[in-house]
Amino acid sequence: MDQINFEQIYQDYYNKIYLFVKKRVLQEQDAEELTADIFTAVYKNLGRYRPEISSLDTWIYVITGNSIKNYYRDRKDEMLTDEMEDKIQKQEPSAEDITMLLQEREYLLQCLKQLPVRERSIIILKYYQGKNSEEIGRLLDLTSGNVRVILKRSLNKLRKIMNSRSEN
């Protein structure tokens, strides 16, 4: 793909990607920067795009999904601090409440790590990033029905893991 094709891709996808990102990040400035980073990645990786493997739409949304995941991973500590501050300001929890919240979050993350990557990714995309089954399906190259089935089975597995760990 050449420069002309990138310009067409940019024109066709910029608004879609920007709105998609804007729904998933809190700050408009972050959405703008993240969208710019996404199109930089698209431009740099155009030579690696394989139309026989996935549609251009899917490929761009996978890059977008990965960029959003990286955005939140890079800001995890900052977000956790912000969440804690919000909770303190709204409900004035005790130190015990904060400790318990952190322990519960860590426990959930440890249990999630025991799931296979695809199952863990679907749960994270659904409940942490707020994506619906169709969006997840596009990102992972699955049908929305398949996503729902995998999600239900994954939640059941996670429930069993959490129950078995709490009994020990």
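Buried means under 20% relative accessible area, exposed over 50%, and partly exposed in between, with a 1.4 Å probe and protein chains only. By that cut-off Glu-119 is buried, at a relative accessible area of 13%. The model is predicted: local features need pLDDT of at least 70, side-chain atom pairs count only at pLDDT 80 or more, and totals for chains, interfaces and linings use all residues. Residues are numbered from 1 along each chain as its sequence is written, and side-chain values use heavy atoms, with hydrogens and water left out.

**Figure 1. Overall fold and confidence.**
The protein has eight helices and zero strands. Helices (H or I, at least four residues) and strands (E, at least two) are DSSP runs, numbered from the N terminus. In order from the N terminus, the elements read α-α-α-α-α-α-α-α. Of the 168 residues, 33% are buried. Contact means heavy atoms within 4.5 Å. Among contacts between residues at least 6 apart in sequence, 61% join residues at least 24 apart. The accessible surface is about 11,200 Å², and 49% of that belongs to carbon and sulfur atoms. Accessible areas come from the Shrake-Rupley method with a 1.4 Å probe; for residues, only the protein chains shown count as cover. Confidence is given as pLDDT, the predictor's own value for each residue, from 0 to 100. Mean pLDDT is 81, and 81% of residues reach 70 or more. Helix 4 (residues 76-91) has the lowest confidence, at a mean of 53. Helix 2 (residues 28-45) has the highest, at 92. Where pLDDT is low, predicted coordinates should not be read in detail.

**Figure 2. The Arg-24 to Glu-135 salt bridge.**
A salt bridge is a side-chain nitrogen of Lys or Arg within 4 Å of a carboxyl oxygen of Asp or Glu. A search of the whole structure finds two. In one of them, Arg-24 pairs with Glu-135, with the closest N and O atoms 2.5 Å apart. The pair links distant parts of the chain, 111 residues apart. Arg-24 sits in the loop between helix 1 (3-22) and helix 2, and Glu-135 in helix 7. Arg-24 counts as buried because its relative accessibility is 9%. Glu-135 is buried too, with a relative accessible area of 14%.

**Figure 3. The Glu-119 to Lys-157 salt bridge.**
The side chains of Glu-119 and Lys-157 meet in a salt bridge at 2.8 Å, N to O. Glu-119 lies in helix 6 and Lys-157 in helix 8, so the pair ties together parts 38 residues apart in sequence. Lys-157 is partly exposed, because its relative accessible area is 37%.

**Figure 4. Gln-129 in its loop.**
Gln-129 is found in the loop between helix 6 (117-128) and helix 7 (133-140). Its relative accessibility is 11%, so Gln-129 counts as buried. Leaving out residues up to four places away in sequence, Gln-129 touches Arg-24, Ile-68, Lys-69 and Ile-124.

Asn-132 caps the N-terminal end of helix 7. A side-chain oxygen of Asn-132 lies 3.0 Å from the backbone nitrogen of Glu-134. The buried residues of helix 7 are Ser-133, Glu-135, Ile-136, Gly-137 and Leu-139. Just after helix 7, Asp-141 takes a positive phi of about 60°. Asp-141 is not a glycine. Most residues other than glycine have a negative phi. Asp-141 lies in the loop between helix 7 and helix 8 (144-167). At 57% relative accessibility, Asp-141 counts as exposed.

Ser-144 belongs to helix 8. Its relative accessible area is 23%, so Ser-144 is partly exposed. Ser-144 and Glu-134 are 10 residues apart in sequence, with C-alpha atoms 4.8 Å apart in space. Beyond its neighbours within four places in sequence, Ser-144 contacts Ser-133 and Glu-134.

**Figure 5. A nonpolar surface patch.**
Leu-109, Tyr-127 and Tyr-128 make a nonpolar surface patch of about 300 Å². Patches are made of residues with over 30% relative accessible area and no salt bridge; like charges are joined within 9 Å, and nonpolar side chains (Val, Leu, Ile, Met, Phe, Trp, Tyr) within 5 Å. Leu-109 is found in helix 5 (residues 95-112). At 30% relative accessibility, Leu-109 counts as partly exposed.

Methods: Polar contact = N/O pair within 3.5 Å; in protein donor to acceptor, adjacent residues only side chain to side chain.
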